Amino acid sequence: MIIVTGSITAKDGQFEPLRDACLAHVHRSRTEDGCISHAVHIDAENPLRLVFFEEWRDLPALQEHFVTPGIAELMGAVREHAASSEKITTYSAQKAPDQ
């Protein structure tokens, strides 16, 4: 499994359009082959910051995700509404056995 994290901070007055674009991206992504989970959350310490947490079946599924038209739509919204965005970080993970 591949885990992806990242965050975007909205410009002042631009949180709602950025959040809406992020939610649209999340909903599109959830329909993709290989998407196990895809979510965006509001940071409890910085209400202008949106944090992504994603789980993908494998690296090929994630690589396919990164070339979908939805990524271009999200990046357009980021350029327009975000003050900054953190580097996307990916992790290779294995689910621990049930205890």
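Close-up 1. C22 counts as buried, because its relative accessibility is 0%. Buried means under 20% relative accessible area, exposed over 50%, and partly exposed in between (1.4 Å probe, protein chains only). The model is predicted: local features need pLDDT of at least 70, side-chain atom pairs count only at pLDDT 80 or more, and totals for chains, interfaces and linings use all residues. Residues are numbered from 1 along each chain as its sequence is written, and side-chain values use heavy atoms, with hydrogens and water left out. A disulfide is a pair of cysteine sulfur atoms within 2.5 Å. By this rule the count is 0 disulfides.

**Close-up 2. The largest nonpolar core.** A nonpolar core is a set of buried Ala, Val, Leu, Ile, Met, Phe, Trp, Tyr and Cys residues joined through side-chain atoms within 4.5 Å. The largest one has 12 residues: I8, A10, F15, L18, C22, V26, V40, L50, F52, L74, V78 and A82. Two or more residues each come from strand 1 (2-10), helix 1 (15-29), strand 3 (49-56) and helix 3 (69-81). Helix 1 gives the most, with 4 residues. Helices (H or I, at least four residues) and strands (E, at least two) are DSSP runs, numbered from the N terminus. In soluble globular proteins, nonpolar side chains tend to be buried together.

**Close-up 3. Around V40.** Which residues does V40 touch, not counting those up to four places away in sequence? They are C22, L23, V26, L50, V51 and F52. Contact means heavy atoms within 4.5 Å. Another core, of 6 residues, lies apart from the largest one; I2, V4, A61 and L62 are among its members.

**Close-up 4. Salt bridge between E73 and R28.** A salt bridge is a side-chain nitrogen of Lys or Arg within 4 Å of a carboxyl oxygen of Asp or Glu. The whole structure holds 6 salt bridges. In the one between E73 and R28, the closest N and O atoms are 3.2 Å apart. E73 sits in helix 3 and R28 in helix 1, so the pair links distant parts of the chain, 45 residues apart. R28 is partly exposed, at 28% relative accessibility.

Close-up 5. D33 pairs with R57 in a salt bridge, with 3.2 Å between the closest N and O atoms. D33 is in the loop between helix 1 and strand 2 (35-42); R57 is in the loop between strand 3 and helix 2 (59-65). D33 is exposed, at 61% relative accessible area, while R57 is partly exposed, at 39%. Shared partners join D33, R57 and D58 into one network of salt bridges.

**Close-up 6. Salt bridge between R49 and E86.** The side chains of R49 and E86 meet at 2.8 Å, N to O. R49 lies in strand 3, and E86 lies in the loop between strand 4 (82-85) and strand 5 (89-92). The pair therefore ties together parts 37 residues apart in sequence. E86 is partly exposed, with a relative accessible area of 45%.

**Close-up 7. D98, after strand 5.** D98 lies in the segment after strand 5. It counts as exposed, at 72% relative accessibility. D98 and E64 are 30 Å apart in space, C-alpha to C-alpha, and 34 residues apart in sequence.
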